[in-house]
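Here is a protein chain to look at. What can be read from its fold?

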Amino acid sequence: MGGLLLRFSLFVIAAYFLLILYLIKKKKFLLRYGILWLASGLAMLVLVLFPGVLDTLTGIFGIELASNGLFVMCIFFIVMILVFLTVIVTDFSYRMKKLAQNAAIAEKRLRDLEENVMLLEKITEVKITEV
């Protein structure tokens with residue numbers, strides 16, 4: 001890899017890491033979710049610093065061109081990120097459902113209590129709030 005391309009690649013990867021770390025610091029990104037993005041950045045860094053790793057990996061998997069191997073690895077990382085994000089969305093969906101159910105139960109209890117207070121006020125002819 002040429003010197004200019006290597007420097008540009010390292011600059012882009014450094015900017016990528018700084019962006020991820022900035023988002024984590026500003027609480028726009030939770031660390032547990034950022035780890036996968038940091039791992040993908042680390043993989044990019046390894047491939048840029050040690051281009052022979054890409055040749056070795058493509059040879060192991062029987063891929064003739066290193067560029068095709070790079071595309072396969074990128075697709076793999078994208079699929080892994082999508083699976084990870086799907087798990088997160090599913091978890092949040094279950095949590096939202098549970099919260100909605102709990103809110104509905106609490107609302108029903110509140111209505112029942114208000115009805116009981118009104119009945120008690122009618123029976124005793126005394127306002128509960130005045131006591």
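Some questions and answers on the chain follow.

This is a predicted model, in which local features need pLDDT of at least 70 and side-chain atom pairs count only at pLDDT 80 or more, while totals for chains, interfaces and linings use all residues. Residues are numbered from 1 along each chain as its sequence is written, and side-chain values use heavy atoms, with hydrogens and water left out.

Me: In what order do the elements of the protein chain run from the N terminus on?
Reply: Helices (H or I, at least four residues) and strands (E, at least two) are DSSP runs, numbered from the N terminus. The protein chain has 4 helices and 0 strands. From the N terminus on, the order is α-α-α-α.

Me: What radius of gyration does the protein chain have?
Reply: The C-alpha atoms fill a box of roughly 90 × 30 × 15 Å along the principal axes. The radius of gyration is taken over C-alpha atoms, and the globule rule is 2.2 Å times the number of residues to the power 0.38. A compact globule of 131 residues would come near 14 Å, but the protein chain has 28 Å.

Me: What percentage of the 131 residues of the protein chain count as buried?
Reply: Buried means under 20% relative accessible area, exposed over 50%, and partly exposed in between (1.4 Å probe, protein chains only). By that rule, the buried part of the protein chain is 14%.

Me: Which helix do the buried residues of α1 pack against?
Reply: Helix α1 covers residues 3-25, and its buried residues are Ser-9, Ile-13, Tyr-16, Ile-20 and Ile-24. In an α-helix there are 3.6 residues a turn, so residues three or four places apart point the same way. With contact meaning heavy atoms within 4.5 Å, the buried residues of α1 pack against α2 (31-49).

Me: Is Thr-58 buried or exposed?
Reply: Thr-58 lies in helix α3 (residues 51-60). Leaving aside neighbours within four places in sequence, Thr-58 is in contact with Ile-63, Leu-65, Ala-66 and Gly-69. Because its relative accessible area is 5%, Thr-58 is buried.

Me: How many Å apart in space are Glu-115 and Val-87?
Reply: Glu-115 sits in helix α4 (residues 66-124), and at 47% relative accessibility it counts as partly exposed. Glu-115 and Val-87 are 28 residues apart in sequence, and their distance in space, C-alpha to C-alpha, is 42 Å.

Note on methods:
The expected span of a helix is 1.5 Å times one less than its number of residues.
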